[in-house]
Amino acid sequence: MNKTFPAAIIIACGSITANGQTTPSDSTGVHDLQEIVIEAPKVIRKADMDVYHPSKSAVDASKNGMQLLNNLMIPTLAVNEALGSIQAAGQSVQIRINGREASVDQLRALLPETVKRVEWIDNPGLRYGGANYVLNVIVANPAVGGSLQLEARPALNQAWGFYMADAKFNNGRSQWEVNGTFKLTENIKSHREYTETFTRPDGTSVTRNETSRGGRLDNSFGTLWAAYSYIKPDTTVLNVHFGVFNKFSDLFRYDGLLSFSNGADDLLLTDSHGDKGTTPRLALYFQQNLPRRQMIVVDFDASYYTGRSYSDYIEQYPGSEAFVTDIHTNIHDRNQAYALEADYIKNWNKGRLTAGVSYSANRNRSRYDNLDGAVFHQRQDKVYFFAEYFHRFGKWTATAGVGAQYTDFFFRESGEGSHSWSLRPQATLTYAVNPKHQFRLSFQSWQSTPSLAETNPTPQQLDGFQWRVGNPSLKTSTSYMLTLRYNFSFPRVNGTFGIRAFTSPDAITPILSWQGERLVTSYENSRGLQNLSFFIAPQIDIVPRWLALSGYLQFRMERMRGTGYELTNNDWSGNVNLRVMHWGFVLSCQYMRAQHDLWGEKISWGENMSIIDLAYNWKHWQFSVGMIMPFGKYDQGSKMLSKWNTNEQHMRLDMRMPYVSISYNLQWGRQKRGVRKLVNAGAKTDASTAGGR
């Protein structure tokens, strides 16, 4: 695939940042005064964030929060409404609503008319727990009323679609909300392109080539949740949230013909893996304002996962019913997660102090059917302390803080485990030349704890001779990032140009080794990953309020070192979003090229995606037609560069799917603001991963 984009189409990448300018009053941004139109800036750059105020045209063209976010066209963001994903510069984005961490479904359920502003934070502080980016949506003040939102988006040629219903009821200081979503993906045709070469320590090698005989993908899930909030303005906030997430089916099956370079007989191959399970979740949030601009915030979160992951790998000779290789892995999990966080916030005229402590615990129980029902228990505990201070000095602003994390995990059956302390310093220095030009230098660090799959020592067979074994002796790894940004605003153009340097000197990565006749994949604290990125992310009003273009473009150079290897990778990535709005119609065109990531001895990439959508708004309704992958070829895959195993894999899906969408948005009375939750104690259950190539 061509790794460059047409220069006239793709412009952009990076992060949108801040300016020490005061945020204007919450308004639509456009006012009529004696035939003169005064329009607020598209973006207000503050010292620690960028603030976007939705225009009236963007609100009118949207029927939910996801559509509004797409219509804001924040340059770094890649908002894929059809697939329900939000990324920035190829990284995940932490979504918050009034400061409370939220899901994509909760963002989608927002009413565009209630959104006052969107805060984009591209260098999140210590209280955000190591997030890459934070998107915080601030919605309207409490009032009476309610709303009903309905949406259906089925594909016309596949068993694929998205469906949502949301209802809000307001009464005085209380709000009740009920929401249900369902995402259908069933029997999507797919195939895999896969070639690999194995080399043994004695120098002999064999190449296996797969010829596809078809495959399928299932990925259907649903969520049902209810929430209650009580808000006494400027005094007390209470929120109770209970929900259940159910993954009905997550299956990838591939059938192929396996041929060998050493002349061995061909084999029929079936390789399938997936998981399914249910996760109920309870969240409690309490915020109390105190005299002298002080605040105490407490958040509790708990979740419980029950489910199973499975993998089947079968090899047999054509025309024979006997199996050459017959591997079945079936893991049943019962995993619990708990988290509690308490923060103290003190504000002064030119400064702010935030300090907090959090505790999170995971208790995992896994039963392996393929090991005669053997049960394994894992315990993981984390304690995190942090303090951070922000101060303004004229055109300069500075933020500095430090966090300390204690991590402990233990396997009951083997008696193995580890514990460690790690520091998380962080600092940002911003200089605002004027409201249109700003420079920011930021330093961030964070820790990554080993996952259940990486630390579980239970052997799992992947195919005829490949195995995977976790390493319970892994240590928590630390990453560091230094970023210099220049933020600019010109007539019809605003954006960011930047340079980012990253290092993770003890990154947790896979490592391959031969153990007799077995090629075993385990995990190690490597000798480190380093990369250097250059990015630009503009937004251009080609025809104001009619035609706009936004996106990002990034070039990254990286080096990875581990036991017995040193690898490099250079790559372009980015996205572009073109939007036309007029006469109630909205035409959106998006293209995304996935970032290619070097991690361990593997280069992997996500989805390369294109989407075209045409929508029309009429009263409470919105009707749209669109197509996923109208051009290009769907590609998601990886390339292994190990001296013991070199391979390249491309997963192809039949994703050229036309769809229709119908949305209904009915409101009565005035809307009530959702809870403004300033901290979030995340309790996310871990899950096992069954073996699979």
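Met73 lies in the loop between helix 2 (65–72) and strand 5 (77–80), where helices (H or I, at least four residues) and strands (E, at least two) are DSSP runs numbered from the N terminus. Before I go on, this is a predicted model, in which local features need pLDDT of at least 70 and side-chain atom pairs count only at pLDDT 80 or more, while totals for chains, interfaces and linings use all residues. Residues are numbered from 1 along each chain as its sequence is written, and side-chain values use heavy atoms, with hydrogens and water left out.

Although Met73 is not a glycine, it has a positive phi of about 55°, and at 3% relative accessibility Met73 counts as buried (under 20% relative accessible area, with exposed over 50% and partly exposed in between, using a 1.4 Å probe and protein chains only). Asn187, in the loop between strand 14 (174–186) and strand 15 (188–199), is a residue other than glycine with a positive phi near 55°, and at 32% relative accessibility Asn187 counts as partly exposed.

Turning to the pairing, where two strands pair if DSSP finds at least two bridges between them, strand 23 (residues 396–411) runs antiparallel to strand 24 (residues 417–434) and is joined to it by 15 bridges. Gln405 stands opposite Ser422 in strand 24, and in this hairpin, with five residues between the strands, Gly415 takes a positive phi near 75°.

Strand 24 also runs antiparallel to strand 25 (residues 437–448), through seven bridges, with Leu429 opposite Leu441 in strand 25 and two residues between the strands of that hairpin.
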